[in-house]
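Take a moment to look over the sequence and the model. We will start with one residue, step back to the whole chain, and then return to single residues.

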Amino acid sequence: MTTAYPSTTLGKIQPYSAQVRTQLAVDPGNRFTKWIDGSVICSIPSYVKELADWEEGGTDSQSYEIEFDGKRYLVGRLAQLMGGRPAFEDGKAELAHLLILPALASDSPQRIEKLVIPTPDSRNQAAIAKLKELETTLEFRVNGEDCLTTIRSVSAVDECRGAYDLALGRSMWRYPNNPNGVLDIGGGTAIARLFAPGGGLLRDADIVLPGTAYLAQRLAAAILPKVGNTADAGMIMDAIATGDYRYGSTDIDFTREFVAVRDAWTADIRAKLKANWAKYLPALGELLIIGGSASLLEPMCAASKGRFKIAPKPQYFNLYGLNKEQN
């Protein structure tokens, strides 16, 4: 499907036929920005580095060089290596308009009917207004290629909603007539939510917990004597994600410190779930754990005797739900 109408591309007015995409789901997370391009999952570190005139950029499979609004940026892995701003420190809302540009890139003009983005709370009018600013025509350059994308509407969906709906569609809830929960372990925060039978959010049960950035900060303090200065939280989280537990390319091993800090963090999560969900626990069906760090809660799942479980492909499970993909 194409639509022809005049617009501008990098300052030049010209007619074009726009390729139309019905929907695109993008998750600009605190640790990674994820989207689905056709049948391919794309994931890049959520880092942005503004480039000075004299600085060179670069690209690779997880890095994009962006030109937008008269400025040049690196987004992704190279931005991380060059000391760019991490979303888990700056806040993903502040960087989202840059983090999503690689997902919006196209080799021909395009129109996206609905851009779906998860948000911590869809009732936050200020945050929604910020996302609605994306309902416009964006002119930018990605890896040297001109891009022109028109976004007709932005749909802000509560975090965890996509995962709940996908689990429901797959008949994964063993107790669909009971409240069921989703715990999203993110970089900046971990969000726990309960859904009533039928999918309504039990808003009074929302819990916001410290994410893996907090875990990394605690570990940075614990390994300070080994490193000699404050360790980089991003490098610590990368080591946790790979299961290497070594700081960068050094021989500094922090396995012992990690276990102690993780266990304390997990105990805190369990205590807050128990306290905040007290009136719902007798009827609670299951808790589905998603996010790139979901595996850190395997001991908690084992202790629950099957009531807490980690989703398949947990890092992308919510994205599949937002994208209406049954993968």
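Leaving aside its neighbours within four places in sequence, which residues is D184 in contact with? They are C160, T189, A190, I191, I290 and G291. Keep in mind that this is a predicted model.

Now place D184 itself. It lies in strand 13. Is D184 buried or exposed? Its relative accessible area is 16%. Buried means under 20%, so D184 is buried. Look next at P120. It sits 64 residues from D184 in sequence. In space, the two C-alpha atoms are 11 Å apart.

Step back to the whole protein. It has 12 helices and 17 strands. Along the principal axes, the C-alpha atoms fill a box of roughly 60 × 55 × 35 Å.

Charges come next. There are 36 positive and 38 negative side chains. The centres of these two sets lie 8 Å apart.

Take the contacts between residues at least 6 apart in sequence. Of these, 60% join residues at least 24 apart.

Return to strand 13, which covers residues 180-185. N180 lies in this strand. Why does N180 count as buried? Its relative accessibility is 1%, and the cut-off for buried is under 20%. Which backbone atom does the N180 side chain reach? It reaches the backbone nitrogen of E286, at 2.7 Å. E286 is also one of the contacts of N180 beyond four places in sequence.

Finish in a helix. R262 is found in helix 10, which spans residues 255-276. Its relative accessibility is 18%, so R262 counts as buried under the 20% cut-off. Which residues does R262 touch, not counting those up to four places away in sequence? They are L215, L296 and P299.

D184 has a relative accessible area of 16%. N180 is at 1%. R262 is at 18%.

Notes
Residues numbered from 1 in each chain as written. Predicted model: local features only at pLDDT ≥ 70, side-chain atom pairs only at ≥ 80, totals over all residues. Heavy atoms only, no water. Helix = DSSP H or I, 4+ residues; strand = E, 2+ residues; numbered from the N terminus. Buried < 20%, exposed > 50% of the residue type's maximum accessible area, 1.4 Å probe, protein only. Polar contact = N/O pair within 3.5 Å; in protein donor to acceptor, adjacent residues only side chain to side chain. Contact = heavy atoms within 4.5 Å. Lys, Arg positive; Asp, Glu negative; His and termini not counted. Charge placed at Lys NZ, Arg CZ, Asp CG, Glu CD.
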